[in-house]
Amino acid sequence: MKLPPLASLHFFDVAARCGSFVKAAQELHVTHSAISRQIRLLETYLGIELFERRNRGIFLTAEGRQLFNTTTNMFTQLSETVVDLKTKTESNVVSLSCEPTIAMKWLIPRLTGFYQQYPHITVHLIAAGGAIDFTKTGVDLALRRNDFKWDENIYTREVCSENMGLVQPPENKHTDNINKAILLTSASRANAWETWEKRTGMLLSKNKKITYEHFYLCIQAALAGQGIALASFLMVADEIQSKQLMAPKGFIEDGSAYYLLAAKTPKPKSAVSILMEWLMERMNETLNSITK
C-alpha cells in the first residue's frame, strides 16, 4: 500500500502535538491554511477524520490518536537518526589552525600519508599563527609555539621543542664568512636572529638584512642564493633531506616549544584525538631525523 505524503504526516504530527493549527503553523513557519490543507489531504487519503473541529478548537478522534502514537515515535526516531548521522559526518572533519610556512612546507606534504592511514577523517587546514579564539574561529585544534599567553582553561599538550638553524644552498657558502653574509629575516618572527645571536654567541647586528613577510619567502630567497635564512626545522626538513638546502651550523633549541591547543579535552579515539597523536608522532620523527 502506498503511504501518505511525508509532509502531510509531519503537519499532522505537529498539529496533534500542539493541539492547535495556529500553533502548528507558527512552529512550522507556514500559514494556518497550509496546515488545514495538508490535514484535509491526509484525511481524504485515509478516508477518515483525524480531528473533531468544534468551538474553534481541534480534538483528535480515536483514529487520530492511533495515528499520532505512530507518527510521534516515527518522527522522534527520524530526528534522532538525522542528528546522529550529521554528528558523525561533522565529527570526522577536523579544523586545524597552523602557521602558514609550517602548513605549506611540512604539514601538507605529509597529509597524504595521514589520509591513507585515516581515510574517514578530513582535515580543514587554516593558515594562521599567534593567539587564537576558539569560539570565534570554530577551530578544533591549533598548532602553536608558546610565544604568547593563552587562556589557562584551554587544553594544551606540548609536542616538542623549537629548533632553529641557518640554511643555505650547498653551492653558496655564505657561512664561510658569516659576518659578511646577508641575513634573510621574517617579519612574522622579528626577534629570531636576535635569539640566535644570544644562544650561539654570534654577533651579526652589523650584517645587511633583507626582510620578508613570511618564512616561506625567506626560504625561497635562500634557495635563490640571496643570503642565509634562519628557519625552524619543520620549515626546511624536506629541503635538507633533498639536499636543496644545508644547515652547516646544525639546529639548536631557541627556548620555545610547539603545543597543540584545543578548546576542551578531545574525546579518546575522536578525529581530533587521532590527528593530535599523528601530529605529535610526525613532528618528533622530523625533529629526531634532522637533529641526530
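Modeller: Contact here means heavy atoms within 4.5 Å. The model is predicted: local features need pLDDT of at least 70, side-chain atom pairs count only at pLDDT 80 or more, and totals for chains, interfaces and linings use all residues. Residues are numbered from 1 along each chain as its sequence is written, and side-chain values use heavy atoms, with hydrogens and water left out.

Colleague: Leaving aside neighbours within four places in sequence, which residues is L279 in contact with?

Modeller: L279 belongs to the largest nonpolar core, which has 57 residues. Such a core is a set of buried Ala, Val, Leu, Ile, Met, Phe, Trp, Tyr and Cys residues joined through side-chain atoms within 4.5 Å. Buried means under 20% relative accessible area, exposed over 50%, partly exposed in between, with a 1.4 Å probe and protein chains only. Neighbours within four places aside, the contacts of L279 are L96, W106, L107, L141 and L260.

Colleague: Which residues of the largest nonpolar core touch the most other members, and which helix gives the most to it?

Modeller: The residues that touch the most other members are L141, Y258, L275 and L279. Helices (H or I, at least four residues) and strands (E, at least two) are DSSP runs, numbered from the N terminus. The top contributor to this core, with 11 residues, is α10.

Colleague: Is V14 buried or exposed?

Modeller: V14 sits in helix α1, residues 6-18. Not counting residues up to four places away in sequence, V14 touches A24, E27 and L28. Its relative accessibility is 2%, so V14 counts as buried.

Colleague: What distance separates the C-alpha atoms of V14 and I210?

Modeller: Along the chain, V14 and I210 are 196 residues apart. For the C-alpha atoms of V14 and I210, the separation is 68 Å.

Colleague: Which residues lie nearest the centre of the largest pocket?

Modeller: On a 1 Å grid over the protein atoms alone, a pocket is an open set of points where a 1.4 Å probe fits, with protein on both sides within 12 Å along at least five of seven lines; lining residues have an atom within 4 Å of a point. The largest pocket holds about 590 Å³. Of its 20 lining residues, those nearest the centre are S91, D140, K264, S270 and V272.

Colleague: Why does the second largest pocket lie between domain 2 and domain 3?

Modeller: This pocket has a volume of about 250 Å³. Its lining has 16 residues, with E99, G129, G130, R145 and D147 closest to the centre. The largest share, three residues, comes from β5. The pocket lies between the two domains because residues of its lining come from both domain 2 and domain 3.

Colleague: Which residues of helix α9 are buried?

Modeller: Helix α9 spans residues 233-241. Its buried residues are covered by elements including α5, α8, β9 and α10. After α9 comes K243, with a positive phi near 65 degrees. The buried residues of α9 are F233, L234, M235, V236, A237 and E239.

Key: Points joined across faces, edges and corners; volume = space filled by probe spheres on them. Domains from an automatic or database assignment.
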